[in-house]
Amino acid sequence: MTEPRPEQPRIGVDEWVASAEERRQRSFAGRLEEAIDRAPAAAKLVVFALPFALFPFFTDSEYVTQVGIDTLIYVLLALGLNVAVGWVGLLDLGFVAFFGLGAYLYAALASEYAGRHWEAQFAVPVIAVAVAATGFLVGLPSRRLVGDYLAIVTLFFLQIWLVVLVNASFTRGPNGIADIYPLKLFGREIVSLEGYYYVTFAAFVLIVSFLYLLDRSRTGRAWRALREDELAAELMTMPVNRLKLMAFAVGAGIAGIAGALYAPQQGAVFPANFDIVLLITVYAMVVLGGAGSIVGVTVGAVLINASLEALRDPDDASWLFYLAIVLALILLMRPRWLPVAVLAATAVFGLAVHELAEQVRPSLVAGTTFGTARVDELVDSWVLLPEGAIGQDGLPAGALARLAYVGLVAAMLGLTLIRSRLWRAVALVPVLYLGACVWENVLVAQPAVARFVLIGAMLVALMAVRPQGLLGKQRVEIV
Amino acid sequence: MDWDKLVQLLVNGVTLGSVYALVALGFSMVYGILKLLNLAHGDVLMVGAFVGWGVLGWLGGAQDPTVAVWLVILLMILAAMVGGGFLGVAIERFAYRPLRRAPRIAPLISALGVSFFLQNSVLLLFGANFRSYDSFDLVDVGVGVEWGPLHVWVMRIVVIVSALAMMGGLWLLVTRSKLGKAMRATAFDREAAAMMGIDVDRVIVKTFFIGSALAGAAGVLVGLVFFQINHFMGFNYGLKGFTAAVVGGIGSIPGAMVGGLFIGLAEAFSVGYIEDLTRGRLGSAFSDLVAFLILVIFMLVRPQGIFGKPEVKKV
Amino acid sequence: MRKGLIAAGLAALVAVAVVTAAVAKPAAQTTPAQIAACTNVSLGFLGPLTGPAGFLGQEQLSWLRFGVQKYNKANGTAFKVVLGDTQLKAPVARTLARRFVADSNLMAVIGGSESQAVVVSGNLFEKADLASISGSATQTNLTNGQFKTFFRVVPNDAIQGPQIVTYVAKNLKAKNVVVIDSQDDYSLPLASAITRGLRARNVTVSRESVSADDTDFSSVVANVDSNVNVVVFATQVATAANTLSNQLREQGKKAIVFGTDGAYSPSQFKPRTGYVSVFAPDPHFDPSARALIREYNRYSKNKEFGAFGPATYMAGLVATTAVRSACADGEATRAEVTRLTRRTNIPSIFGGRLRFSAKGDPLPTKFVIYRITNGKYAPVG
């Protein structure tokens, strides 16, 4: 459509805008959305739960099954946090304390240390209720405190809980409780990893169904109203305080169940398991997945935990790194041929620089990379590998590697400042090459650290690109 | 009554409190203007500490400085302030500005991402070992102020005085200067300030610069008086600074100062007196617990903090 | 909504891809004893590489890599080191343990560095017949027979405690002692044992506690009476011991700091007067080990280290020796490696030869106490 001249009346524009909603409904995406809405809830649940149910059949490895169980536990935690943070908008920074409480309560009910072994069908509901009650108590300050003040009080509760865990004699301090009995369901002890997976899966299905129904109930609608505008909700005679307390209690109860399933599977609980880093991870899962959406936070939890595990292996990390760059370029650059051009130009640029360096200063390409993946070998003859830039123990030796790293960060940030799409694409080429050089030299030598650097950068980038999360709705908050 | 111990604890508490206050100021300033919890603030302190350490090494190290000791310390603080300030500006520009209109939890996650990134970048660049400021080599432990039988090392005085000076300078800036007026206006009502012709973006950038510069300076002070720094230190100071800001009334500058002192003193006194108070039942292991309990009760009694204004919502 | 659907679709694709990749990992391995072709052997390292205890694990990893590289050069082997960053968290250690077990090329584990990691990984390794040799896990009950494939090259706390008690009570003739722990699984049992032992000898003991990542001890120091002779500090952070002794001096207290083996570090714990106990004569001072130190300094560009680095070097040596012997016939199983580890008898950089007791403790075992004067270490007992 050509730029309309100011004095000419714009015919048809308003009608076109007005019929946008109609056109969307007739499009593929619109019809898909409608079909999903109309489908019966049970069918949606089956489709949603199916991948999780079939997961253990795809692997023989205990390691992968363990990762699956960990992921399901994270999903439960994300679902619980979603209630307080996503549905009601309460910033609960003490959430993992409920998880820890659930785990330690199970240890108190079924371990050698406690001297008893309650069966799971009694222990888990009791724990759920007890932790939910604690959530209720912790939520009481929400009557007097709003927003960030509430956040900090809940944070204090978490800290208090951690101090008690580490120092009180009845919790066995930092040594934790290490002889927890396995889950005994109706007389049968669960000892295999697959068994725990399916028990956790069953809990997952039950909790998702419960939350789905809760979301569509009066309480769910009230929570939504509360989140949008608390004052208006109160004026509409909704019992605001009671609703907030319920949100705390439900979220806490779910975390408690997760803890009760986690403890027997691990066989031991330690205070360090339930710290702020875990809190941050669960928050990231909820927000990146889309706060407020059950499917969203589940997907967020799966993606983040799977990425974290995949990044643990330095070989996989290399693949993921390069794949992520290519994907990001393809997804974010328009027109479609531009990313291809950029990648091709980077390859050529790299080869040119490599050749030049080999002729002029061979020591710049004489080093070796710590990377062991195929992709690292392929890239070896393309990037600069200065000799001695990285010490034998994997840390940067001398200024070159450090300057390159800092330079890369500065260059990437500077890139975002370039307005013109063309110039940005042009500037991207040397920056991509520098990125590959820094990866092959500095980052693959320290995979454990590189993992966190990547995760941090990803969180910032993802939030900048899509702040409402994957499946969240764009919301405007009145501050 | 063990007066020596009391005075010693007082000095400890004020030293700690000054550092917390500097961190809290940065938090409060940013929150006042953007209603944003800058959880990466503690890591700015950490970077400042490393910048200071780098300058110390560049100037010959603690054993053999090439210039006078007071100049060394001054240069370290200035370098950390500049470094911290620019880092804060970069964080605002790249991590927070794209999220101005997003739900409030998005910048929190972004801040956590920045925190991970900074901590582990420092780990990558400098290694995992603790670095020491070797302050006793710089200024001997004997140099200090005598107060009866009590001896206060001069470095603590340096920390307290520097912190007070910076807070005083900030106070003057906020109440007397044009920039300060613009900051207060933007904090009060961002849209109205923009309509009045204030360049809101620039004010925000300057606020971040000043707040982060204070955190950077705090990092150097921590290194000077507590000797060792590492990539993980920002977390604790950030947490305490955040607490101090909220307790003092978030968004309020005198509140941040008083809140910082309050937290520092609470920490010092709870360690010092917990055994006496609980008649030996709880050891210093539980001092953290006591400090947090005090804070919880305080927040319940006065939710808006010491200097905060009770929130009045207009319908 | 449309963008959201596309995003969700892509995310699902990525998720399937990532999960499939994670799933299609090296073999399903359910049989505990397995054959490796001996051409691609790797050793796993299980310890904290990031986080507040990162410096411990990084030091150990550095010495391990150094040792493996040295061994490879001298013997023509091609052993690799696989990293397992526990982040000091037990569940992560457990998942990593499973990961190691599932990796068919992995023939031995160096670690867990922290006792917690051993507790959660011990029976997983035992089920897989996988030997794990730790250079720093000192909790006493780890070698009470519960983990049959666990070994350590450092003596456990049941030996260190009494030795410190004896020295403090008899040689230092201290009447008034403060014992400080750092609230973790290393220091609390040790501090309790030392406290009990001292009290049994009629020494007045008061207990204090700090957090493992505390950097300011001024208030704890304020609690130290002026008639206290010795402050025993159980910590894994040598710089914390240094700060403590600095702050004791700052407040004019006459007490000196006695650090446990975690405080040992000639480059970081340099009080004017102090003591530290460590589980072996320091390679820094043993003339036969000086060549090794020089080599390490060349390798690491003079990186600082404490006691646990060289210990991990020894653990690595145990593993590489055992694997090489097992591979002498071209094939090796984990059970074979474990058997050979049990029969280890190699020269130790700490003097004498290193062997293991039936339960996995090192023989001989000895703690040495060093007196530190103006930052200089000298062995005293």
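How much area do chain C and chain A bury between them, and what share of it lies on carbon and sulfur atoms? The two chains bury about 4400 Å², of which 62% is on carbon and sulfur atoms; buried area is the accessible area (1.4 Å probe) that two parts lose on being put together, summed over both. The model is predicted, so that local features need pLDDT of at least 70 and side-chain atom pairs count only at pLDDT 80 or more, while totals for chains, interfaces and linings use all residues. Residues are numbered from 1 along each chain as its sequence is written, chains are lettered from A and ligands numbered from 1 in the order in which they are written, and side-chain values use heavy atoms, with hydrogens and water left out.

In the interface of chain C and chain A, 53 residues of chain C are in contact with 57 residues of chain A, contact being heavy atoms within 4.5 Å. Three salt bridges are found across this interface, a salt bridge being a side-chain nitrogen of Lys or Arg within 4 Å of a carboxyl oxygen of Asp or Glu. Glu62(A) and Arg98(C) form a salt bridge through their side chains, with an N to O distance of 3.1 Å.

Elements supplying at least two residues of the side of chain C that touches chain A include helix H1 (2-23), helix H2 (54-75) and strand E3 (80-85) of chain C. Helices (H or I, at least four residues) and strands (E, at least two) are DSSP runs, numbered from the N terminus. H1(C) gives the most to this side, with 14 residues. By class, the side comprises 26 nonpolar, 13 polar and 14 charged residues. Ala, Val, Leu, Ile, Met, Phe, Trp, Tyr, Cys and Pro count as nonpolar, Asp, Glu, Lys and Arg as charged, and the others, Gly among them, as polar.

The contact of chain A and chain B takes 52 residues from chain A and 49 residues from chain B. About 4900 Å² is buried between chain A and chain B, 81% of it on carbon and sulfur atoms. Asp148(A), Tyr149(A) and Phe156(A) supply 14% of the area that chain A buries against chain B, more than any other three residues. Zero salt bridges and two residue pairs in polar contact (both at pLDDT 80 or more) are found across the interface of chain A and chain B.

Key: A polar contact is a pair of N or O atoms within 3.5 Å; within protein, one must be able to donate a hydrogen and the other to accept it, and residues adjacent in sequence count only if both atoms are side-chain atoms.
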